[in-house]
Amino acid sequence: MNIAVAKPDKPDTASDNFAAVSARVPGAGKVADTRRQALDTFQRIGLPHRRIEDWKYTDLRALMREVLPLAAAPEAAALAQAEAAAKLHAIDGVRRLVLVDGVLAPGLSELAGLEAGLSIRSLREALQSGDDRVLSLDTADPMVALNTALMTDGLVIEVADGTTLARPLHILHIASGGAPAAMFTRSRISLGNAAVATVVESYVAGEGAAAYQVHDSAVITIGDHARLDYVRIVEDSREAFNITSATVAVGAHAHFNAFGITTGGLVSRYQAVVTVAGSHSEVETNGVNLLNGKQHADTTLVMNHDVPHCVSREGFRAVVDDRGHSVFQGRINVRQAAQQTDAKMMTRALLLSDEAEVDNKPELEIFADDVTCGHGAAVGALDDSLLFYLRARGLPQKEAEAMLIQAFVGEAIEAIADDNLRELVTAAAVRWLEARR
């Protein structure tokens, strides 16, 4: 068998970017070695393509084709554009942490007056100090390897044992505009035992930002008896690419509640591996894709149950119009030791046009014999009888459709625990619906 390795059209781009990032974030010792090894991995594999099973529905060789040059460090003009974008996407009652073109912007962030038990550092500072905990992502995946090689900045957030944060943390990624470029960021979020925190992560574009690339990753650890509520909102430019990877480790008697919504970006993929490593823990992951035009959004989740007496719920919904393409790949792995696991996964999608496309692939891999597990998938169109009912009461076609769509995605949004964040996500969905009219 002859095997062709799919690589970027410009194979030297990653090497050029690595040379640039080495100057901006030198990294020494294990950090530098790991970055070089990751670059070698990416150059050997190239951009992922449909022959790689996990990337079957998101062929970056065809969709993205090449890695853009590394974004320059933001100057005064870029920071001014970012400040305007930050005001448009401000959230009341949160601590704002802003990354502009992949670099932490202290002047736009609230880094002073931290609560007792809360520590926030830049990734650059952590790398320069030799902190290798941010390197714990598996670099066998080519896009994780690329991020490891070229990450320039990000956040290292630590919440001490027994600390409950009074304010949510809002990590705001802003592309300021200018020449098309790529941003490589990574964050580490660590909750100690019995800690409680809420984190919101948003991806937005400044005025004039269009064809850029976001390469982001996160390493999240949740201690015993801790709780993390995590909300992810993707409202990138309609010409942007967003490739994000995450690993989450959950301790014993802990709770992880995650929600993601994607309305922006031309091509996006969120891939996460959640491992329940402590017993009697609960994980809830929910998401919504709202797509139209030629948007392509891929959500790939792997849930690992390694220990007994844990619960997980995965719920995902997609609404796809025009020639949009939504992908959901979910896999639940139940190890032999994970007896009395309760795990369920469900994905539903609405197709609003004849050219819209949805690929749902839920999977179960179970090695234990005392479990309650299940999965399901459903794809369909809006109910004609419900549309007729609403039209008969005087609602125009688009308003009737919007009401049914909002009810459809609203069931998933209800999983968000915080009332203010639930309203924030609902507003993002409403903006998409209003733009469709």
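1. How much space lies in the largest pocket? About 380 Å³. A pocket here is an open set of points on a 1 Å grid over the protein atoms alone, where a 1.4 Å probe fits, with protein on both sides within 12 Å along at least five of seven lines. Its volume is the space filled by probe spheres set on the points, which are joined across faces, edges and corners.

2. The model is predicted: local features need pLDDT of at least 70, side-chain atom pairs count only at pLDDT 80 or more, and totals for chains, interfaces and linings use all residues. Residues are numbered from 1 along each chain as its sequence is written, and side-chain values use heavy atoms, with hydrogens and water left out.

3. The largest pocket is lined by 21 residues, and Asp138, Asp141, Val144, Gln271 and Val273 are the closest to its centre. A lining residue has an atom within 4 Å of a point. Strand S12 gives the most to this lining, with 5 residues. By class the lining has 11 nonpolar, 5 polar and 5 charged residues; Ala, Val, Leu, Ile, Met, Phe, Trp, Tyr, Cys and Pro count as nonpolar, Asp, Glu, Lys and Arg as charged, and the others, Gly among them, as polar.

4. The second largest pocket has a volume of about 250 Å³. Of its 21 lining residues, Asp101, Ser176, Gly177, Gly178 and Ala179 are the closest to its centre. This lining divides into 14 nonpolar, 5 polar and 2 charged residues.

5. The largest nonpolar core has 52 residues, and those touching the most other members are Ile157, Leu191, Ile222, Leu228, Val250 and Phe256. Strand S12 (residues 267–276) supplies the largest share of this core, 4 residues; strands are DSSP runs (E, at least two residues), as are helices (H or I, at least four), numbered from the N terminus. A core is a set of buried Ala, Val, Leu, Ile, Met, Phe, Trp, Tyr and Cys residues joined through side-chain atoms within 4.5 Å. Buried means under 20% relative accessible area, exposed over 50%, and partly exposed in between (1.4 Å probe, protein chains only).

6. Beyond its neighbours within four places in sequence, valine 250 has contacts (heavy atoms within 4.5 Å) that include Ile222, Phe256, Val274 and Val283.

7. Alanine 73 lies in the loop between helix H3 (60–63) and helix H4 (76–88). Why does alanine 73 count as partly exposed? Because its relative accessibility is 42%. Alanine 73 is 28 residues from aspartate 101 in sequence and 7.0 Å from it in space, C-alpha to C-alpha.
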